Each structure stands twice: as C-alpha cells, then as structure tokens.
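Colleague: I am new to this one. Can you show me how to read it, feature by feature?

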Amino acid sequence: MLAPEVCPPPTNAPDQPLLTGWQSGFAALGPAFYTELPPTPLPAPYWVGTSAEVGALLGLPIDWQQRGDALQAFTGNALPPGARPLASVYSGHQFGVWAGQLGDGRAILLGETAAGLEVQLKGCGRTPYSRMGDGRAVLRSSIREFLCSEAMAALGIPTTRALCVTGSPQPVQREELETAAVVTRVAPSFIRFGHFEHFAARGQEAELRQLADYVIERHYPECRNAANPYAELLRQVSERTARLLAQWQAVGFCHGVMNTDNMSILGLTIDYGPFQFLAAFDPGHICNHSDHLGRYAFNRQPGVAYWNLLCLAKAMLPLIQDVEQAQAALDSYEPIFVDAFMARLRAKLGLRQARADDEQLVDGLQRLLAEGAVDYAIFWRRLSHAVQDGNFEPVRDLFADRSGLDAWLLQYQELIALDDRAQAADLMLITNPCYVLRNHLAEEAIRAAKLGDFSKLQTLQALLAEPFAEQPGFEAYADFPPDWASHISISCSS
Ligand code: AMP
Ligand code: MG
C-alpha cells in the first residue's frame, strides 16, 4: 500500500549520495506550518536495526546499512545533502480533551524523496514544540516502534514504515535512566487530523484551505472532481479510517493512544507507543497503563476513531461550509467498518461467501473467546490447522467450557462443509498470523539490545516479516506468553 509508483533501482556506486532527488513537498506549504531546524546530534551512534525493504522503497544504495554516512544521517548527526529539516506544528485532543498546540516535539522531517516518501527522524532533539519534553526517544520504545511498523506492513495493515533505529549511549531519563535512540520513519505523509484542528482552532482559514488543498493534490487527487472537494476528502479519510480500524479489530491490535494528533490523514497506523497485540482475548483490554478510564480500550477503538473523525469534520467545516454535508461525509464510517470487519473475520474463518447469520457466528465466537480468556492469535492459528487436518482437539483444548465451544463448532463446521475445505484452510493460513509482536517478544529483544546483542531483534524482525510462514525451530515465538509477560507495564513513557 505504501509502495511508491516510481521506485529507483538500487545501485551500488561507492560515491552515490545516500538520498537524492528531494522534492519540496510539505516544506512548500510555508512557515505557518513548521519551524525549520536541524536535528541535535547524539554521541557515538550505533546501528540497532535496519529494514532492507524500506531502504529499497526509498531507493537507497544497496550498501546503505554498512555506510557511515547513513549511520550519521539517520541519527541526525549529519544531514544528507539536499535535506531541509523541519518540525511541523499541529494541535489536538488528548484523551478527549482539547490540548491546544502540540507539534513535532521530537521528530524532524528531512523532506520528501524522489520516491514520494517522506523521511522523518523521531527522537532527534528538542524543537519549538517540545513543551516539557527532552526531544528524545529511548531505545526501548524505538525498538517497539521499529518492529511493529514493519510487522503491521507485513500483515498488510496500513502503517508508517520504519527504515532503521540507531542508538547512542547518551542517557535519557524516563521512569528509569535509559539510553537514546532515533527511529527513521517513512510515509507518504505524516499529516495528522491535528494539523487541521490546529489551523481551525486559530481561525486561520487560509492555511486550513492550503493544507486541505495540499492533501487533496498530493494524496486524494480524485476529490478535485467532486461537487464539494472538501466534503469528499472528509468522506475518503473517514472510509480509510474505517478500513484501518476494521483491520486493527480483526488482528487484535490495540493502539493505546488514539488522540486526534495520532490519527493519520492517510488512514495509516501512526505513533506506536503503548500498543499491544491481544494475548488472552478481552474486549475491554486497556493496553496503556496511563489510560486509567479505559478511553482507548480495545473494543472502544472503532468508536473513538469516529469521535476523532467528528473533530476532523468540525475542523474542516469552514471549508465544507455545510454541516449536513460534513455529517453525511461520515455516514459511511459505520457501514464500511462493519463490512470491512466482517470481510476480515470471514477470511479468518475461511468462509468465502457472506451469509445472513455471519454476524451472529462472529459474536458467538467472540463471547466464547472472552469467557475463556483464550489467546487470540493461537486460537485462530489452531482453528486454521483444524480446518486443514480435521482435528479440532487442539482448538477445544484452549477452552474450559467445551460445551459452549462445541455448539459453536457444530454450526461453524456445517458452513465449512459447504465450501472446499482445503481452500478454506489455505485462506485461513494466509489470514491468521502465526507470529505477532507480543509484548514479551519485544521485551526480550529490547533486553538483549540493551546489552548490545541485536540478534534477538533480528530474529523477531525476520519472523514478523513473514508472519504467516511457520518456521521450524521458532515455535516459542508463536507460543503463549510466559507468566512474567503479564507484569510488563506499558505506559505512554517513551
Ligand atoms: P504522543 O503522545 O507520543 O503522541 O506525544 C504527544 C506530543 O508530545 C507530541 O506533540 C509529541 O511530539 C510530544 N512529545 C512526546 N514525547 C516527547 C519528548 N520526549 N520530547 C518532546 N516532545 C515529546
Ligand atoms: Mg503523537
């Protein structure tokens, strides 16, 4: 989904510049949208993790992972020639409350490359929008963001990408003393709902229009032909958001901080913080230990995304100029979410055809999974194998209440019998991941990386890059979380 239309072939000329063909992109919007400033260097940088796939998307030289200029550039110590670094300003609602001006407090955009992708360094020093923050990101959270961005991409879920993480021995104070790191993020755009809210709240209608026109021009060109291009933009953003949320809910992804400044105008997963893939299925699961009221609980995510869209609609109202049209632009959110979610669930169940009682089948299953606190990923993978080989015992073993499950299985197996069983299993095995980024797996990779051992991170990255392909010898990565996993506390601290 992020694949650019034009992707320069990788070359390996020794003197080839790291990144070439910068385009003006976001910087062309002008100074009302950002502050230009360079990243603040970090001492003694070292590589933590790299993604060859994202390097290829950017058209980087094939040896970039070995190049000193790349290490320095992606730590923010030396700019690639032609980069025009800036921090953008946005505002937003945090936990349902208007927070006023926020902005890139620790992220700096280097610019947009020839491939139409923006490159942003996260954790590279203070900006005018840092407020009380230190402008830094720690190794722990940077590894989490790196691994999850690439894991989501491999699952086919729209997301910002991560090119690399570099680390530095520079101490950074969080709950504990940690060390600094920088994640290089890549996306067609990092514009958030909060960018729109920013100019709307200040009554800067000219800039609001300029922003909307830029987003339409660059990312939603088909809106230009609509009777009301701004209402059409809102409708398309709403639909992309609905599809994104359907993917999150189907795969069991909990974002954790769905503030309006963490909502991408392109419908990408953005700003990985206290996220979690569900282990034991719990619809009300709260993954962010700082979210005391559970505003961003797993089952509230689709509703929160809609609430965030209402904030975007309100911000765009001066452009749309008609409340009814703005409201109508959001009308498709719910039906699209339900359709997309049900389509994902049918694929997870191996059902190729929609049937009237599909929702009842899914509701019944979710109730059983919740009652039994059944591991979400393991359930789906075992069900896939059960459909393949006809042995449902490993699925039944996951449930204490066998009678409830057996009644559900009876109904399900009747449906499966109507279809080609092998085809159903094939579909399930490429829909239900074997490997997801469980908290404890990330934690093990982080603990090793803190000691200078990046092999665990690389193994995990490789498994998550092909999440549907079972790798002999790596069964532990697809297994239940160990007891200690429940004590991992994931807060906003990053
Ligand atoms: P988040 O909740 O991580 O999306 O961050 C909310 C706002 O706080 C954004 O404007 C961030 O740029 C900013 N922010 C978060 N952490 C830091 C930090 N360590 N230094 C400066 N700004 C930060
Ligand atoms: Mg954020």
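Modeller: We will go through the domains, a pocket and a pair of helices. Keep in mind that this is a predicted model.

Colleague: Into which domains is the chain divided?

Modeller: Domain 1 covers 1–190 + 450–494, domain 2 covers 223–276 + 288–342, and domain 3 covers 351–429.

Colleague: How do I read the interface of domain 1 and domain 2?

Modeller: The size of an interface is often given as the accessible area lost when the parts come together. Here, domain 1 and domain 2 bury about 2400 Å² between them. Of that area, 62% is on carbon and sulfur atoms. The centres of the two domains are 24 Å apart, taken over C-alpha atoms. Domain 1 puts 32 residues into the contact, and domain 2 puts in 27 residues.

Colleague: What is the volume of the largest pocket, and which residues lie nearest its centre?

Modeller: Its volume is about 880 Å³. The lining has 37 residues, with Q94, R106, R131, C492 and S494 nearest the centre. By class, the lining holds 12 nonpolar, 13 polar and 12 charged residues. Domain 1 and domain 2 each supply at least three of the lining residues.

Colleague: Which helix gives the most to that lining?

Modeller: Helix 3, with 3 residues. Strand 10 (177–187) also supplies at least two.

Colleague: At what angle do helix 15 and helix 16 cross?

Modeller: Roughly 150°, and their axes come within 7 Å. Helix 15 brings L441, A442, E444, A445 and A448 to the contact, while helix 16 brings K456, L457 and L460. That makes 6 nonpolar, no polar and 2 charged residues.

Conventions: Residues are numbered from 1 along each chain as its sequence is written. Chains are lettered from A and ligands numbered from 1 in the order in which they are written. This is a predicted model: local features need pLDDT of at least 70, side-chain atom pairs count only at pLDDT 80 or more; totals for chains, interfaces and linings use all residues. Side-chain values use heavy atoms; hydrogens and water are left out. Axes are lines fitted to C-alpha atoms, for helices over the stretch in contact, and angles run from 0 to 180 degrees between N-to-C directions. Helices (H or I, at least four residues) and strands (E, at least two) are DSSP runs, numbered from the N terminus. Contact means heavy atoms within 4.5 Å. Ala, Val, Leu, Ile, Met, Phe, Trp, Tyr, Cys and Pro count as nonpolar, Asp, Glu, Lys and Arg as charged, and the others, Gly among them, as polar. On a 1 Å grid over the protein atoms alone, a cavity is a set of points where a 1.4 Å probe fits but cannot get out, and a pocket is an open set with protein on both sides within 12 Å along at least five of seven lines; lining residues have an atom within 4 Å of a point. Grid points are joined across faces, edges and corners, and a volume is the space filled by probe spheres set on the points. Domain bounds come from an automatic or database domain assignment. Buried area is the accessible area (1.4 Å probe) that two parts lose on being put together, summed over both.
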